Amino acid sequence: MAKGYWVSVYRTISDPEKLAAYNKLAGPAVTARGGRRLAVGGRVVAHDAGIAERTILIEFDTFEQAVAARESAAYQEALVVLSDAVERDFRIIEGVDSPAH
């Protein structure tokens, strides 16, 4: 079964305090649903129309688990705290079962 991933690229961060409050709620909400942080912040090299801002990659055992985590009450609470503090591109994507040939 293919894994699921959250990919979040922050275009702008206008309120770092709200982002910090969001992180305190979002981290446990994601972990409780089986999410594993693979990349949080760190160095980014952007190409083409990419933005070298804060980038997050979280892995789940399945795509469905990733979707359910985003829809969970705990994560929705974190989103309320985040409100208008950031502009980001957030996607849930399905991994592949085997490497491409």
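# Reading helix packing, rings and phi

User: Which residues of helix 1 and helix 3 meet?

Analyst: From helix 1, K18, L19, A21, Y22, L25, A26, A29 and V30 meet A74, Y75, E77, A78, L79, V81 and L82 of helix 3. Contact means heavy atoms within 4.5 Å. Helices (H or I, at least four residues) and strands (E, at least two) are DSSP runs, numbered from the N terminus. By class, this contact has 13 nonpolar, no polar and two charged residues. Ala, Val, Leu, Ile, Met, Phe, Trp, Tyr, Cys and Pro count as nonpolar, Asp, Glu, Lys and Arg as charged, and the others, Gly among them, as polar.

This is a predicted model, in which local features need pLDDT of at least 70 and side-chain atom pairs count only at pLDDT 80 or more, while totals for chains, interfaces and linings use all residues. Residues are numbered from 1 along each chain as its sequence is written, and side-chain values use heavy atoms, with hydrogens and water left out.

User: How is the packing of helix 1 and helix 3 described, by what angle and what distance?

Analyst: Two packed helices are described by the angle between their axes and the distance between the axes. Helix 1 (residues 16-32) and helix 3 (residues 73-82) pack at about 175°, with axes 8 Å apart. Helix 1 and helix 3 are therefore roughly antiparallel. Axes are lines fitted to C-alpha atoms, for helices over the stretch in contact, and angles run from 0 to 180 degrees between N-to-C directions. Angles under 35 degrees count as roughly parallel, over 145 as roughly antiparallel, 65 to 115 as roughly perpendicular and the rest as oblique.

User: At what angle do helix 2 and helix 3 pack?

Analyst: Helix 2 (residues 63-71) packs on helix 3 at about 55°, and their axes are 5 Å apart. That makes helix 2 oblique to helix 3. A69, R70 and E71 of helix 2 make the contact with A73, Y75, Q76 and L79 of helix 3. These residues divide into four nonpolar, one polar and two charged.

User: How many aromatic pairs does the structure hold?

Analyst: A pair of aromatic rings is described by the distance of the centres and the angle of the planes. The structure holds four aromatic pairs. Rings of Phe, Tyr and Trp (its six-membered ring) pair if their centres lie within 6.5 Å; planes under 30 degrees apart count as stacked, over 60 as edge-to-face and the rest as tilted. W6 and F90 form an edge-to-face pair, 5.1 Å centre to centre with 65° between the planes. W6 lies in strand 1 (residues 4-13) and F90 in strand 4 (residues 86-94), so this pair ties together parts that are 84 residues apart in sequence. Ring pairs link W6, Y22, F60, Y75 and F90 into a cluster.

User: Is W6 buried or exposed?

Analyst: W6 has 3% relative accessibility and so counts as buried. Buried means under 20% relative accessible area, exposed over 50%, partly exposed in between (1.4 Å probe, protein chains only).

User: Where does the charged end of R70 sit?

Analyst: The charged end of R70 sits over the ring of F90, 5.1 Å from its centre. R54 lies over the face of Y10, 5.5 Å from the ring centre. The criterion is NZ of Lys or CZ of Arg within 6 Å of the ring centre and within 35 degrees of the ring normal.

User: What is phi of D48, and where is D48 found?

Analyst: Most residues other than glycine have a negative phi. Phi of D48 is near 55°, a positive value in a residue other than glycine. D48 is found in the loop between strand 2 (36-40) and strand 3 (55-60), and counts as exposed at 85% relative accessibility. S83, not a glycine, has a positive phi of about 35°. S83 is in the loop between helix 3 and strand 4 and, at 43% relative accessibility, counts as partly exposed.
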